[in-house]
Every structure is written in C-alpha cells, then in structure tokens.
Amino acid sequence: MLVRHMMTKRPATVKPDDTFRKAVSIMASKSVSGCPVVKSGNLVGIVTQTDAIRAMDVYGKINRSEDVFSLLTSMLKSKQDTSHVRKLLNVKVEKIMNKKVVSVSVEHDVYEAARLMNKHGIDRLPVVDESKLVGIITKSDVMKFLQKVK
C-alpha cells in the first residue's frame with residue numbers, strides 16, 4: 001500500500017518564525033508529538049516533543065550557568081519560578097527544530113516508511129511530493145495497516 005493512501009493529509013504545521021510556544025500549543029491541542037515546519041509550503045524542518053525536552057535541558061543549563069546566584073535567589077523566593085521556561089517558549093521554532101528531516105515520498109510504500117522509521121528511530125515521517133509537504137505518516141498509521149492485513 002502506498003503512503004499516500006495512509007497518510008494524514010494537512011497535518012498540523014508551524015513556520016520557522018513561529019514561537020516555540022505556538023508549536024507547543026499546537027502539539028498539545030492536537031495531541032500530536034511533532035509538527036513539520038514549513039516555509040512557503042516546503043518542508044524545512046520538524047519540531048517534536050523530544051526537541052522540546054532537549055531544548056529545555058540545554059536552555060536550562062545555559063541560563064543557569066550564567067548567573068547561579070540569581071537562579072538560587074529566585075528558587076529560594078519561589079519554588080514555581082518559570083522565567084527560564086517563559087524565555088524558552090518565546091524562542092523561534094527555527095532555533096529548536098531539527099533541520100535534517102527524514103521524509104518519505106507519496107509514491108513510497110508502507111514498508112519503506114516503516115524501514116525509515118526503524119532505521120532513524122523516529123515516530124513520524126513527513127510525506128512530501130517533491131519538496132512540498134502533503135501529509136504525515138506515523139507509527140500508529142503503520143499499526144493500523146498491519147491490523148487490516150488478512
């Protein structure tokens with residue numbers, strides 16, 4: 001079966017100049033674990049929950065190492081200090097996204113999609129027609145395909 005017949009058409013997307021806050025909001029509201037990043041319809045990156053966790057870890061380490069005294073002071077004043085997280089949420093998606101996107105063509109079959117997901121340890125593949133994003137296929141889509149095989 002071809003990817004074009006199993007993919008989700010018009011997936012939730014973000015633009016490189018959108019804020020990370022917008023990407024997080026879209027992923028949370030749509031219950032998806034990643035969003036392709038598009039510019040003029042072309043796939044230019046992907047931002048995922050894993051990128052969010054990595055960015056929080058790196059951003060927290062960078063900001064904490066700059067001014068340890070201020071961090072300790074703010075922690076003592078409030079156990080709920082989220083100023084570093086607020087700064088991170090205002091960063092542009094292009095600073096956090098993965099630019100080396102593994103994608104699959106609409107003309108490939110589900111076996112190629114599964115091979116790519118397995119090889120790269122990823123949960124989703126943007127589906128492209130040339131460089132234009134036309135959909136997304138996930139591990140869940142592959143599982144649905146397997147369930148239908150008689």
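Which elements each supply at least two residues of the lining of the largest pocket? The points below take up this question first and then turn to the surrounding structure. The structure is a predicted model.

1. The lining of the largest pocket. Strand β3 (42–48), helix α2 and strand β5 (124–129) each supply at least two residues of this lining.

2. Volume and composition of the pocket. The largest pocket holds about 360 Å³ of space. It is lined by 17 residues, and those closest to its centre are Ile-46, Thr-48, Asn-98, Ile-122 and Arg-124. By residue class, the lining of the largest pocket comprises 5 nonpolar, 7 polar and 5 charged residues.

3. Asp-51 and its surroundings. Asp-51 belongs to helix α2, which spans residues 49–66. The relative accessibility of Asp-51 is 6%, and the residue therefore counts as buried, the limit being under 20%. The side chain of Asp-51 reaches the backbone nitrogen of Thr-48 at a distance of 2.9 Å. Thr-48 is also one of the residues closest to the centre of the largest pocket. Leaving aside residues up to four places away in sequence, Asp-51 touches Ile-46, Ile-96 and Asn-98.

4. Strand β3 and its partner. Strand β3 is largely enclosed by the rest of the structure, because 5 of its 7 residues are buried. Strand β2 (residues 34–39) pairs with β3 in the antiparallel sense, over 6 bridges. Within this pairing, Pro-36 stands opposite Ile-46 of β3.

5. The β2–β3 hairpin. The hairpin of β2 and β3 has 2 residues between the strands. Ser-40 is found in the loop between β2 and β3. Although Ser-40 is not a glycine, it has a positive phi of about 55°. For context, most residues other than glycine have a negative phi. With a relative accessibility of 66%, Ser-40 counts as exposed, because the threshold is over 50%.

6. A positive phi at Arg-10. Arg-10 is likewise not a glycine, and it has a positive phi of about 50°. Arg-10 is placed in the loop between β1 (8–9) and α1 (20–30). The relative accessible area of Arg-10 is 75%, so the residue is exposed.

7. Glu-130 and Ser-105. Glu-130 lies in the loop between β5 and β6 (132–138). Its relative accessibility is 76%, and Glu-130 therefore counts as exposed. Glu-130 and Ser-105 are 25 residues apart along the chain, and their C-alpha atoms are separated by 7.5 Å.

8. Overall organisation. The secondary structure of the protein comes to 7 helices and 6 strands. From the N terminus on, the order of the elements is β-α-β-β-α-α-α-α-β-α-β-β-α. The protein has 150 residues, of which 35% are buried. Among contacts with a separation of 6 or more, 59% are between residues 24 or more positions apart.

Conventions:
Residues numbered from 1 in each chain as written. Predicted model: local features only at pLDDT ≥ 70, side-chain atom pairs only at ≥ 80, totals over all residues. Heavy atoms only, no water. Helix = DSSP H or I, 4+ residues; strand = E, 2+ residues; numbered from the N terminus. Buried < 20%, exposed > 50% of the residue type's maximum accessible area, 1.4 Å probe, protein only. Polar contact = N/O pair within 3.5 Å; in protein donor to acceptor, adjacent residues only side chain to side chain. Contact = heavy atoms within 4.5 Å. 1 Å grid on protein atoms, 1.4 Å probe; cavity = no way out; pocket = protein on both sides within 12 Å on 5 of 7 lines; lining within 4 Å. Points joined across faces, edges and corners; volume = space filled by probe spheres on them. Nonpolar A, V, L, I, M, F, W, Y, C, P; charged D, E, K, R; others polar. Pairing = 2+ DSSP bridges.
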